[in-house]
Amino acid sequence: MSTPGHRAAPSGAFEYLTTKKDEFVGWARKFSLFPYPFVTACCAMEFMSVSSTLYDTDRFGAALPRFTPRQSDLLMVVGTVTHKQAPILKKVYEQMCEPKWVIAFGVCATSGGFYQNYAALPGIDKIIPVDLYIPGCPPRPEMVIDGIMKLQDKIARERHPIINDRF
Amino acid sequence: MSEALFEQVREHLAPVALDATVAHGTLALTIDPANLLDVVRALKDSFGFDMFSDVTAVDWPEREPRFDVVWHFYSTRHFARVRVKTRVPLADPTVDTLVPLYGSARYMERECHEMYGIVFRGNDDLRPILLYEGFEGHPLRKDYPKHKEQPLVPYRDTKS
(Lines give C-alpha, C1' and ligand atoms only; values in the text may rest on other atoms or scores of the structure.)
Protein backbone atom coordinates (compact mmCIF):
# COMPACT_ATOMS: atom_id res chain seq x y z
CA MET A 1 0.00 0.00 0.00
CA SER A 2 1.41 3.35 -0.99
CA THR A 3 0.61 6.88 0.02
CA PRO A 4 0.50 9.67 -2.56
CA GLY A 5 3.79 11.54 -2.93
CA HIS A 6 5.87 8.74 -1.51
CA ARG A 7 7.81 6.38 -3.71
CA ALA A 8 9.67 3.39 -2.40
CA ALA A 9 13.19 2.77 -3.70
CA PRO A 10 13.09 0.33 -6.60
CA SER A 11 14.36 -3.05 -5.55
CA GLY A 12 17.93 -3.87 -6.53
CA ALA A 13 18.97 -0.20 -6.45
CA PHE A 14 22.30 0.96 -5.18
CA GLU A 15 21.62 2.07 -1.64
CA TYR A 16 25.05 2.22 -0.07
CA LEU A 17 28.62 1.28 -0.79
CA THR A 18 31.64 0.63 1.33
CA THR A 19 35.07 2.08 0.63
CA LYS A 20 38.01 3.60 2.42
CA LYS A 21 37.87 7.31 3.07
CA ASP A 22 41.30 7.90 1.57
CA GLU A 23 40.43 5.95 -1.54
CA PHE A 24 37.12 7.73 -1.93
CA VAL A 25 38.61 11.19 -1.53
CA GLY A 26 41.54 10.33 -3.77
CA TRP A 27 39.19 9.03 -6.45
CA ALA A 28 37.18 12.23 -6.34
CA ARG A 29 40.21 14.44 -6.30
CA LYS A 30 42.13 12.86 -9.14
CA PHE A 31 39.45 13.70 -11.70
CA SER A 32 39.28 17.33 -10.62
CA LEU A 33 42.63 18.85 -11.52
CA PHE A 34 42.86 22.55 -12.24
CA PRO A 35 46.12 23.17 -14.05
CA TYR A 36 47.94 26.46 -13.97
CA PRO A 37 50.02 26.58 -17.16
CA PHE A 38 53.34 28.27 -16.40
CA VAL A 39 54.30 28.33 -20.06
CA THR A 40 57.62 29.85 -21.03
CA ALA A 41 58.87 28.32 -24.25
CA CYS A 42 58.30 26.15 -27.28
CA CYS A 43 56.79 23.24 -25.27
CA ALA A 44 53.70 25.47 -25.21
CA MET A 45 52.88 24.21 -28.72
CA GLU A 46 52.72 20.67 -27.44
CA PHE A 47 50.77 21.78 -24.39
CA MET A 48 48.17 23.41 -26.65
CA SER A 49 47.98 20.27 -28.72
CA VAL A 50 47.51 17.97 -25.74
CA SER A 51 44.94 20.16 -24.04
CA SER A 52 42.75 20.78 -27.08
CA THR A 53 40.27 18.57 -28.90
CA LEU A 54 42.55 16.06 -30.58
CA TYR A 55 44.16 14.68 -27.41
CA ASP A 56 41.71 16.21 -24.98
CA THR A 57 42.93 16.28 -21.38
CA ASP A 58 39.32 16.88 -20.37
CA ARG A 59 38.96 13.12 -20.41
CA PHE A 60 41.15 13.12 -17.30
CA GLY A 61 39.37 15.96 -15.58
CA ALA A 62 42.36 18.19 -16.20
CA ALA A 63 41.14 20.49 -18.93
CA LEU A 64 40.22 23.84 -17.51
CA PRO A 65 43.31 25.99 -17.06
CA ARG A 66 43.11 28.57 -14.32
CA PHE A 67 45.20 31.63 -14.95
CA THR A 68 45.65 32.46 -11.32
CA PRO A 69 47.64 30.18 -9.03
CA ARG A 70 45.11 30.71 -6.25
CA GLN A 71 42.42 28.79 -8.14
CA SER A 72 44.58 25.92 -9.29
CA ASP A 73 46.08 22.82 -7.77
CA LEU A 74 48.32 21.52 -10.56
CA LEU A 75 51.29 23.63 -11.60
CA MET A 76 52.42 22.68 -15.10
CA VAL A 77 55.83 24.19 -15.80
CA VAL A 78 56.07 24.07 -19.57
CA GLY A 79 59.39 25.17 -21.01
CA THR A 80 62.74 26.60 -20.02
CA VAL A 81 62.93 28.57 -16.80
CA THR A 82 65.74 31.10 -16.62
CA HIS A 83 67.43 32.35 -13.48
CA LYS A 84 65.72 35.68 -14.08
CA GLN A 85 62.32 33.95 -14.07
CA ALA A 86 63.00 31.68 -11.11
CA PRO A 87 61.68 34.14 -8.47
CA ILE A 88 58.40 34.39 -10.40
CA LEU A 89 57.99 30.60 -10.54
CA LYS A 90 58.72 30.36 -6.82
CA LYS A 91 56.12 33.03 -6.05
CA VAL A 92 53.49 31.33 -8.21
CA TYR A 93 54.13 28.03 -6.43
CA GLU A 94 53.87 29.62 -3.02
CA GLN A 95 50.55 31.27 -3.88
CA MET A 96 48.88 27.94 -4.66
CA CYS A 97 46.76 26.41 -1.89
CA GLU A 98 47.31 22.89 -0.58
CA PRO A 99 46.87 20.25 -1.83
CA LYS A 100 48.99 21.01 -4.89
CA TRP A 101 51.05 19.09 -7.40
CA VAL A 102 53.75 20.06 -9.87
CA ILE A 103 54.51 18.61 -13.29
CA ALA A 104 57.81 19.42 -15.02
CA PHE A 105 56.75 19.37 -18.67
CA GLY A 106 59.62 18.82 -21.09
CA VAL A 107 63.31 18.29 -20.60
CA CYS A 108 64.14 21.95 -19.90
CA ALA A 109 61.84 22.11 -16.89
CA THR A 110 63.09 18.67 -15.83
CA SER A 111 66.83 19.28 -15.92
CA GLY A 112 67.62 22.35 -17.98
CA GLY A 113 67.99 20.14 -21.04
CA PHE A 114 70.74 21.26 -23.35
CA TYR A 115 70.98 24.64 -21.64
CA GLN A 116 73.93 24.43 -19.30
CA ASN A 117 74.98 28.04 -19.08
CA TYR A 118 74.72 31.35 -17.25
CA ALA A 119 71.06 31.89 -18.14
CA ALA A 120 69.06 28.71 -17.53
CA LEU A 121 67.89 27.09 -14.32
CA PRO A 122 69.04 23.43 -14.44
CA GLY A 123 65.66 21.92 -13.57
CA ILE A 124 62.81 23.47 -11.60
CA ASP A 125 63.31 20.96 -8.78
CA LYS A 126 66.25 23.14 -7.74
CA ILE A 127 63.73 25.61 -6.34
CA ILE A 128 60.33 23.85 -5.95
CA PRO A 129 59.35 20.22 -5.29
CA VAL A 130 58.22 18.29 -8.37
CA ASP A 131 55.78 15.35 -8.39
CA LEU A 132 56.18 14.21 -11.96
CA TYR A 133 58.73 14.68 -14.71
CA ILE A 134 57.83 14.36 -18.38
CA PRO A 135 61.00 14.34 -20.50
CA GLY A 136 61.13 15.00 -24.21
CA CYS A 137 61.90 17.98 -26.41
CA PRO A 138 58.99 18.44 -26.63
CA PRO A 139 57.19 15.40 -25.14
CA ARG A 140 54.67 13.59 -27.30
CA PRO A 141 51.04 14.18 -26.28
CA GLU A 142 50.86 10.47 -25.42
CA MET A 143 53.68 10.97 -22.93
CA VAL A 144 51.85 13.86 -21.34
CA ILE A 145 48.66 11.83 -21.06
CA ASP A 146 50.65 8.98 -19.55
CA GLY A 147 52.15 11.48 -17.13
CA ILE A 148 48.77 12.83 -16.10
CA MET A 149 47.52 9.28 -15.51
CA LYS A 150 50.56 8.52 -13.37
CA LEU A 151 49.92 11.66 -11.38
CA GLN A 152 46.29 10.56 -10.93
CA ASP A 153 47.52 7.23 -9.59
CA LYS A 154 49.72 9.09 -7.16
CA ILE A 155 46.85 11.32 -6.02
CA ALA A 156 44.58 8.28 -5.61
CA ARG A 157 47.14 6.55 -3.38
CA GLU A 158 47.77 9.58 -1.17
CA ARG A 159 46.48 9.88 2.36
CA HIS A 160 44.19 12.80 3.02
CA PRO A 161 44.89 13.88 6.60
CA ILE A 162 42.37 16.74 6.73
CA ILE A 163 39.48 14.40 6.02
CA ASN A 164 40.80 11.82 8.47
CA ASP A 165 40.99 14.38 11.25
CA ARG A 166 37.44 15.56 10.79
CA PHE A 167 35.61 12.28 10.41
CA MET B 1 72.64 47.70 -57.82
CA SER B 2 74.28 48.53 -54.49
CA GLU B 3 77.76 48.57 -56.02
CA ALA B 4 77.47 52.16 -57.23
CA LEU B 5 76.33 53.27 -53.79
CA PHE B 6 79.12 51.34 -52.10
CA GLU B 7 81.64 52.96 -54.46
CA GLN B 8 80.38 56.43 -53.49
CA VAL B 9 80.56 55.56 -49.80
CA ARG B 10 84.05 54.22 -50.23
CA GLU B 11 85.21 57.37 -52.01
CA HIS B 12 83.59 59.65 -49.46
CA LEU B 13 85.01 57.81 -46.47
CA ALA B 14 88.41 56.98 -47.93
CA PRO B 15 90.24 59.35 -45.54
CA VAL B 16 88.88 57.61 -42.41
CA ALA B 17 88.26 54.03 -43.47
CA LEU B 18 91.09 51.68 -42.59
CA ASP B 19 89.48 49.05 -44.77
CA ALA B 20 86.40 48.94 -46.99
CA THR B 21 85.48 45.68 -48.68
CA VAL B 22 82.28 44.14 -49.95
CA ALA B 23 81.55 40.78 -48.37
CA HIS B 24 78.32 38.80 -48.95
CA GLY B 25 76.69 41.85 -50.53
CA THR B 26 77.44 44.03 -47.50
CA LEU B 27 79.93 46.85 -47.40
CA ALA B 28 82.24 46.30 -44.42
CA LEU B 29 84.03 49.38 -43.14
CA THR B 30 86.78 49.21 -40.56
CA ILE B 31 87.42 52.46 -38.77
CA ASP B 32 89.12 53.97 -35.77
CA PRO B 33 86.76 54.38 -32.76
CA ALA B 34 87.47 58.11 -32.68
CA ASN B 35 85.85 58.54 -36.12
CA LEU B 36 82.71 56.58 -35.32
CA LEU B 37 80.27 59.45 -34.98
CA ASP B 38 81.49 61.20 -38.15
CA VAL B 39 81.31 58.02 -40.18
CA VAL B 40 77.84 57.04 -38.99
CA ARG B 41 76.52 60.57 -39.43
CA ALA B 42 77.78 60.55 -43.01
CA LEU B 43 76.18 57.14 -43.66
CA LYS B 44 72.88 58.33 -42.26
CA ASP B 45 72.68 61.85 -43.70
CA SER B 46 74.47 61.50 -47.05
CA PHE B 47 73.82 57.89 -48.05
CA GLY B 48 70.41 57.11 -46.59
CA PHE B 49 71.32 54.38 -44.11
CA ASP B 50 68.32 55.21 -41.99
CA MET B 51 67.83 51.98 -40.05
CA PHE B 52 69.96 50.80 -37.16
CA SER B 53 69.90 46.99 -37.27
CA ASP B 54 72.23 45.89 -34.52
CA VAL B 55 75.30 46.48 -32.45
CA THR B 56 77.31 43.62 -31.06
CA ALA B 57 80.88 42.72 -30.20
CA VAL B 58 83.40 39.99 -30.91
CA ASP B 59 85.86 38.80 -28.30
CA TRP B 60 89.35 37.80 -29.44
CA PRO B 61 91.02 36.75 -26.18
CA GLU B 62 94.49 36.42 -27.71
CA ARG B 63 94.45 39.68 -29.59
CA GLU B 64 95.28 43.23 -28.61
CA PRO B 65 93.06 45.27 -28.86
CA ARG B 66 90.79 42.49 -27.74
CA PHE B 67 87.28 43.46 -28.85
CA ASP B 68 85.64 44.19 -32.17
CA VAL B 69 82.52 46.30 -31.91
CA VAL B 70 80.27 45.77 -34.92
CA TRP B 71 77.32 47.86 -36.11
CA HIS B 72 74.92 47.04 -38.91
CA PHE B 73 72.89 49.63 -40.80
CA TYR B 74 70.28 49.24 -43.50
CA SER B 75 69.04 51.67 -46.09
CA THR B 76 65.31 51.43 -46.69
CA ARG B 77 65.79 53.67 -49.74
CA HIS B 78 68.57 51.74 -51.46
CA PHE B 79 67.91 48.30 -49.94
CA ALA B 80 71.59 48.07 -49.01
CA ARG B 81 73.41 47.07 -45.87
CA VAL B 82 76.62 48.37 -44.37
CA ARG B 83 78.71 46.99 -41.52
CA VAL B 84 80.99 49.19 -39.44
CA LYS B 85 83.72 47.61 -37.34
CA THR B 86 86.13 49.06 -34.86
CA ARG B 87 88.54 47.72 -32.26
CA VAL B 88 88.73 48.57 -28.57
CA PRO B 89 91.12 47.27 -25.88
CA LEU B 90 90.18 45.45 -22.66
CA ALA B 91 91.63 48.26 -20.55
CA ASP B 92 89.24 50.84 -22.02
CA PRO B 93 86.41 49.19 -23.98
CA THR B 94 84.67 52.48 -24.73
CA VAL B 95 82.97 53.74 -27.88
CA ASP B 96 80.59 56.63 -28.49
CA THR B 97 76.87 55.99 -28.19
CA LEU B 98 74.71 56.26 -31.30
CA VAL B 99 71.54 57.15 -29.38
CA PRO B 100 71.52 60.78 -30.65
CA LEU B 101 71.44 59.46 -34.23
CA TYR B 102 69.29 56.33 -33.81
CA GLY B 103 66.91 56.06 -30.86
CA SER B 104 66.73 52.30 -31.30
CA ALA B 105 70.40 52.00 -30.38
CA ARG B 106 69.46 52.49 -26.74
CA TYR B 107 68.32 48.93 -25.99
CA MET B 108 70.89 47.20 -28.18
CA GLU B 109 73.72 49.09 -26.54
CA ARG B 110 72.40 47.92 -23.17
CA GLU B 111 72.52 44.32 -24.36
CA CYS B 112 76.02 44.69 -25.78
CA HIS B 113 77.11 46.35 -22.55
CA GLU B 114 75.93 43.53 -20.29
CA MET B 115 77.08 40.70 -22.56
CA TYR B 116 80.55 42.04 -23.46
CA GLY B 117 81.20 44.93 -21.09
CA ILE B 118 81.51 47.48 -23.89
CA VAL B 119 80.88 50.97 -22.52
CA PHE B 120 78.88 53.35 -24.70
CA ARG B 121 79.96 56.86 -23.81
CA GLY B 122 76.91 59.11 -23.63
CA ASN B 123 74.28 56.38 -23.14
CA ASP B 124 73.03 57.24 -19.67
CA ASP B 125 70.98 54.04 -19.24
CA LEU B 126 73.20 50.96 -19.34
CA ARG B 127 71.19 48.90 -16.85
CA PRO B 128 70.92 45.14 -17.51
CA ILE B 129 68.18 44.35 -20.00
CA LEU B 130 68.29 40.55 -20.49
CA LEU B 131 70.26 39.80 -17.33
CA TYR B 132 69.37 40.99 -13.84
CA GLU B 133 70.72 43.39 -11.25
CA GLY B 134 73.55 41.82 -9.33
CA PHE B 135 74.86 39.64 -12.16
CA GLU B 136 78.63 39.74 -12.08
CA GLY B 137 80.77 39.54 -15.18
CA HIS B 138 79.93 39.50 -18.86
CA PRO B 139 78.70 36.08 -19.98
CA LEU B 140 79.57 36.27 -23.68
CA ARG B 141 83.22 37.06 -23.04
CA LYS B 142 85.38 34.04 -23.74
CA ASP B 143 86.82 34.03 -20.21
CA TYR B 144 83.40 33.73 -18.52
CA PRO B 145 83.28 30.17 -17.05
CA LYS B 146 80.98 28.05 -19.19
CA HIS B 147 78.98 26.54 -16.32
CA LYS B 148 79.00 29.46 -13.92
CA GLU B 149 75.48 30.21 -12.66
CA GLN B 150 74.31 33.10 -10.54
CA PRO B 151 70.93 31.94 -9.21
CA LEU B 152 68.51 34.47 -7.75
CA VAL B 153 66.57 31.86 -5.73
CA PRO B 154 68.60 29.71 -3.32
CA TYR B 155 68.57 26.05 -4.36
CA ARG B 156 66.61 23.53 -2.29
CA ASP B 157 68.35 20.86 -0.36
CA THR B 158 67.31 17.90 -2.53
CA LYS B 159 69.26 15.25 -0.64
CA SER B 160 66.78 14.82 2.24
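Colleague: How do β1(A) and β2 of chain A pair?
Modeller: In this predicted model, β1(A) and β2 (residues 74-78) of chain A pair in the parallel sense, over five bridges. Strands are DSSP runs of E with at least two residues, helices are runs of H or I with at least four, and both are numbered from the N terminus. Two strands pair if DSSP finds at least two bridges between them.

Colleague: Which residue in β2(A) is the bridge partner of A:Y36?
Modeller: That is A:L75.

Colleague: And in what order do the strands of the sheet in chain A come?
Modeller: Four strands form an open sheet, ordered β1-β2-β3-β4, with parallel pairing. β1 (35-39) and β4 (132-134) of chain A are at the edges with a single partner strand each, so one side of each has no neighbour in the sheet.

Colleague: Which helix packs on that sheet?
Modeller: Helix α5 (residues 141-157) of chain A does, touching β3 (101-105) and β4 of chain A. Contact means C-beta atoms, placed from the backbone, within 7 Å.

Colleague: Switching to chain B, how many helices and strands are there?
Modeller: Chain B has three helices and seven strands, running α-β-β-α-β-β-β-β-α-β from the N terminus. Its C-alpha trace spans about 70 × 30 × 30 Å along the principal axes.

Conventions
Residues are numbered from 1 along each chain as its sequence is written. Chains are lettered from A and ligands numbered from 1 in the order in which they are written. This is a predicted model: local features need pLDDT of at least 70, side-chain atom pairs count only at pLDDT 80 or more; totals for chains, interfaces and linings use all residues. Two residues are in contact if their C-beta atoms, placed from the backbone, lie within 7 Å. Axes are lines fitted to C-alpha atoms, for helices over the stretch in contact, and angles run from 0 to 180 degrees between N-to-C directions.
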